[in-house]
Amino acid sequence: MRTPKPLYAHERMIYQPELLTCPHCGDLLVTCNYLAWDKTVQRLDRVLSVASRPGRCPHATCVGSRLRLLSAAGQGIAPAGSTYGYDVIVRIGWWRQESRATYREIHAELASQVRISESHVGYLYQQVYLPLLACHERQHRDRLAQIATQQGGLVVALDGLAPQGGEPQIWCIRALSSGVTLRSGWLCQQDQPTFEAFLEPLKHLEWPILAVLSDKQTGLVPAVATVVPHSRHQFCQAHYLRNLAAPLAEADAAFKRELRQTVREQVGDMLRQEPRTAPGHTGVLTVTGLLPSPLETPTAPASQSPSPRDTLTAPEPKAAEVITHLFRHTRSLLTLKGRPPFRLAGMETYERLQNVAQYSLDLLAKRYDPRLAQLYQGLQSALAPFAQTYQTFQQGAAWLRDIAYILEAIQKQGLAKQ
Ligand SMILES: [Zn+2]
């Protein structure tokens, strides 16, 4: 028995949704903190390690909060569940269909580019390529209906692939949340009438099409506007914004490093000394950046007449617990991760440490505790030198958001004019 050699990816890509705003309420999407899928894909030219991080609307009351928007570009790499790229599958289909090549011949052609067995060539043709052409829509109608009802409509992605370069091209319309192919076909040319004919059936779907994602092919843009005039047609705007945001993201990364270092210099020793878990509350973090609700001013038993000295040296267990949580929370803030363009870790760390400082001050006003005072002072002196930079970054981030809104408005106007 030979052990197959492991596949090494040439490149790691984590895709994020191209849609930047919620198709229902228009507010900026937030990215989820998990990956919808993560796999190694063999393409004709290289091996990729690819993953997709979904986005959703931040407002719990909006129907968009139930949408898990994926990247159309990420989904266009390989079919759901397949570790071979669409380019490999379409190449197999093309050779089989057009040149009547046998699986053995196709395998011989492909073997220099991808690792695959002859039987798997047959499998990909029968089980992936043919169903792709046959369109899953009918088999998956119930699932689609469920998703569309739950999410208030469908977001679809369009893309084309040319096995030989140029024409013809195979085109697919996919439902973005499920990856189900609604329609696919070989198009001998890419002009407006051809695209209109190809997209026509979208008119008859019983669910609204919320948005259409595609590259900006000539012919495709007016065809989408004619067939589904009420949907949003979005291009790779997210990439554009991410490029625009790159200098800010870089500066923020440096800011984050410096800030963390300074905070560690000021309060690192204290944070390290603190026990990792609070008694009786293992792993539950009750103190977040906002004020937690069950905060009572600790009171001394009535039988004693406490002096300030007593309160200082013998804090009640409850107060000690709150402080322990606060220290633990502070420690966790020093490991925050960002997701540019809209979530910048440095800025967020600064803001949330400010909250901790403010919260410590509020607590101190109610009851003095030397560790708390030390934490407050340490954070204050660590944060103070960064205040100016933080202001500048905040301005940059605000501009970026404005740009995102302006781009959004331009697209809506452009669509309305056509
Ligand atoms: Zn929304």
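**The whole chain**

Start with everything shown: residues 24 or more positions apart account for 67% of the contacts in the protein chain with a separation of 6 or more, a contact being heavy atoms within 4.5 Å. This is a predicted model, in which local features need pLDDT of at least 70 and side-chain atom pairs count only at pLDDT 80 or more, while totals for chains, interfaces and linings use all residues. Residues are numbered from 1 along each chain as its sequence is written, and side-chain values use heavy atoms, leaving out hydrogens and water.

Switch to cartoon view to see 13 helices and ten strands; these are DSSP runs numbered from the N terminus (helices H or I, at least four residues; strands E, at least two). Of the 418 residues, 46% are buried (buried is under 20% relative accessible area, exposed over 50%, partly exposed in between; 1.4 Å probe, protein chains only).

**Stop one: the zinc ion**

Select the zinc ion next. The SG atoms of Cys 22, Cys 25, Cys 57 and Cys 62 coordinate the zinc ion at 2.3 to 2.4 Å (donors are N, O and S atoms within 2.8 Å of the metal, or 3.2 Å for Na, K and Ca; water is not among the atoms, so sites may look incomplete). Along the chain, these donors follow the spacing C-x2-C-x31-C-x4-C. The four donor atoms subtend angles of 103 to 115 degrees, so the arrangement is tetrahedral (for four donors, all angles between 85 and 135 degrees). Now colour by accessibility: Cys 22 counts as buried because its relative accessibility is 1%, whereas Cys 25, at 41%, counts as partly exposed.

**Stop two: Arg 100**

Move to the loop between α2 (86–98) and α3 (103–110), where you will find Arg 100. Arg 100 has a positive phi of about 50 degrees although it is not a glycine. Most residues other than glycine have a negative phi. With a relative accessible area of 65%, Arg 100 is exposed.

**Stop three: strand β9**

Select residues 209–213, which form strand β9; five of the five are buried, so the strand is largely enclosed by the rest of the structure.

**Last stop: Leu 379**

Finish in helix α12 (residues 370–383), at Leu 379. Is Leu 379 buried or exposed? At 0% relative accessibility, Leu 379 counts as buried. Not counting residues up to four places away in sequence, Leu 379 touches Val 263, Val 267, Thr 330, Leu 353, Val 356 and Ala 357. The C-alpha atoms of Leu 379 and Val 356 are separated by 8.4 Å, with the two residues 23 apart along the chain.

Conventions:
Tetrahedral: all angles 85-135°; square planar, octahedral: opposite > 155°, others 65-115°.
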